[in-house]
Amino acid sequence: MILDVQDLLVRFPGVTAVDGVSLSVAENECFALVGESGCGKTTLARTVLGLQRPDGGTVAIAGTPLAGLRGRALRRLRAQVQIVFQNPYAALNPRMTAGRLVDEPLRLAHPDAGRDDRRRRAEELFDAVGLTGTHRSRYPHELSGGQCQRVAIARALAVGPRLLVLDEPTSALDVSVQAQILNLLDRLRRTRGLSYLLISHDLAVVRHLADRVGVMRAGRLVEQGPSAQLLDAPQHPYTKALLDAMPGRGRAALLADTIEAS
Amino acid sequence: MTELLTVDDLTVEFTRGGAAVRPVRGVSLTVAPGEIVGVVGETGCGKTLTGLSVLGLLPPGARASGSVRLDGREIIGAPPSVLRDLRGRQVAMVFQNPGTAFDPVRTIGAQFDRVIRAHRGGSRGRAREHAERLLRDVELADTGRVLRAYPHQLSGGMLQRAMIALALSCDPRLIIADEATSALDVTVAQQVRRLLLRLQSERGFGVLFVTHNLAEAYDLCDRVYVLYAGQVAETGPTAEVFDAPAHPYTRALLDALPRADRAGTTLTALPGTVPSSVLAVTGCVFANRCPRAEETCEHSPPPPAAVTASRTAACHFADTGGPA
């Protein structure tokens, strides 16, 4: 298992954000967490990244428990897990060119590498995410949303992670650009043997990318299973409500809808 | 049929760095009384500015030309007094983010009071009764609590319901909804769509529904206009446009959607981007990304042409033969 989460508990004053969640992500697998605002999915992701200390339970990356790690050992483990955020403009330093943005993590990952070596690695990364040399000198505001997201993905890949946490990676993008990024993520997973923890509220995106799905509500994982099976035959009423809320089934279905305010 | 809203050859122009930019270029559309009309397209296609022009709310520096007639009255160039008279009573707006559309330092009640008494007059007590009725209509049961609350004390879904209630407070004949569900959680968004549909069928107002979400437009709209680079690429009854798109751009948008039957496949992504200077394009503005483009597309812009009696598409090679 690349990621193994057991009985995870995260409390904030007055609220249990993650309430006894267990899940695992296998090598080369895409596991999707779905749920609405405040369900705890982002807190869970932050805990997996070591940005949030759990109040109970364990997180293990490639067999190594995150708890108790400090300093260099923690940094080494963190290189195994990287994140791609929803809004690429906010995730990239506006004062750095795309080239420098990708070079930055390369310096950290390869402190002994020379300029030429890093340049070669950067070129390889640019190529892998579908950007060309002309993009290297551009600042984020000179790039489109899709191009920025490609830079963010290249940055995440620069330190050689085995697991990417994808936090709503296409929610801020237009439909045509979303398709490009989904195709890219699909290809990177196959060619680089990556594993994904995908966080999304869009069940169409989830179905497209994920092998397995976990549905979160109020800190708990209410249902999990293979994506086609879970989305075709949901067992939990909340999963059914999420599916019923997907638009695109016509006006009659919208009117027949009976989901209640939660 | 007498149209409620007639937008004719609307162009919106700005000056940026000494050069003219035209985010809306010759858009024409109509909304009949009681009709829900979608304006769909991607970022920068001009859909929001088209909606704002109906309220005379274009940002500073924007120059609008063409014609926007609401119930026969021209909005472009109308003096503020006419616009004031039209807003609220004839046309009202529901914005994307209810959290920023309300004034954060006034209670919801104070904001209802202000709008209702400005447009309808009457006492505070009458305004409050009216506000309570409106809130019950949008399925906000605890009206006292909502009216006492400041915007930050309500959830996004409750605020958007309150926003719809406020928009309905003067019985407008037309509602402009701009990405009205985009900031909401999926189940809440669905509730708001259903609410809008119910209110529309009960009250019979027309809706200009601006959205990037094709599936949402499919569920709600009687007709849709698909915008690309400031122009109408295609228009027609929603089901016909989505089931058998005539314009290659519409087809490309639909092909790019992830769907159950496309899981595990490579999606058909639209290559390239909108030309950086659309005004420099002499032919079809979609030609550089279009799979069907031929030489003629590079040189002559396609005018909107009838596909069927109820549909038009601006394409030299519009698909007229039904589903391909």
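Two strands are taken to pair if DSSP finds at least two bridges between them, and the strands (E, at least two residues) and helices (H or I, at least four residues) are themselves DSSP runs, numbered from the N terminus. The structure described here is a predicted model, in which local features need pLDDT of at least 70 and side-chain atom pairs count only at pLDDT 80 or more, while totals for chains, interfaces and linings use all residues. Residues are numbered from 1 along each chain as its sequence is written, chains are lettered from A and ligands numbered from 1 in the order in which they are written, and side-chain values use heavy atoms, with hydrogens and water left out.

In chain B, four strands form an open sheet with antiparallel pairing, in the order S2-S1-S4-S5. Its edge strands are S2 (19-31) and S5 (73-74), each of which pairs on one side only. Strand S1 (residues 5-16) of chain B is joined to S2(B) by nine bridges in the antiparallel sense, and B:Thr6 has B:Thr30 in S2(B) as its bridge partner. Helix H1(B) lies across S1, S2 and strand S4 (63-70) of chain B and runs at about 115° to S1(B), where angles run from 0 to 180 degrees between N-to-C directions and axes are lines fitted to C-alpha atoms, for helices over the stretch in contact; contact means heavy atoms within 4.5 Å.

A further open sheet of chain B has eight strands in the order S6-S7-S8-S3-S9-S10-S12-S11, with mixed pairing. Strand S6 (91-94) and strand S11 (305-308) of chain B each have a single partner strand, so one side of each is left without a neighbour in the sheet. From one strand to the next, the twist averages 20°. S6(B) and strand S7 (residues 174-178) of chain B run parallel and are joined by four bridges, with B:Ala92 standing opposite B:Ile175 in S7(B). Helix H7 (residues 156-167) of chain B lies across S6 and S7 of chain B, at about 175° to S6(B).

Two packed helices are described by the angle between their axes and the distance between the axes. In chain A, the axes of helix H5 (residues 115-128) and helix H7 (residues 175-192) come within 11 Å and cross at roughly 125°. H5(A) and H7(A) are therefore oblique to each other, since angles under 35 degrees count as roughly parallel, over 145 as roughly antiparallel, 65 to 115 as roughly perpendicular and the rest as oblique. A:Glu124, A:Leu125 and A:Ala128 in H5(A) meet A:Leu184, A:Arg187, A:Leu188 and A:Arg192 in H7(A).
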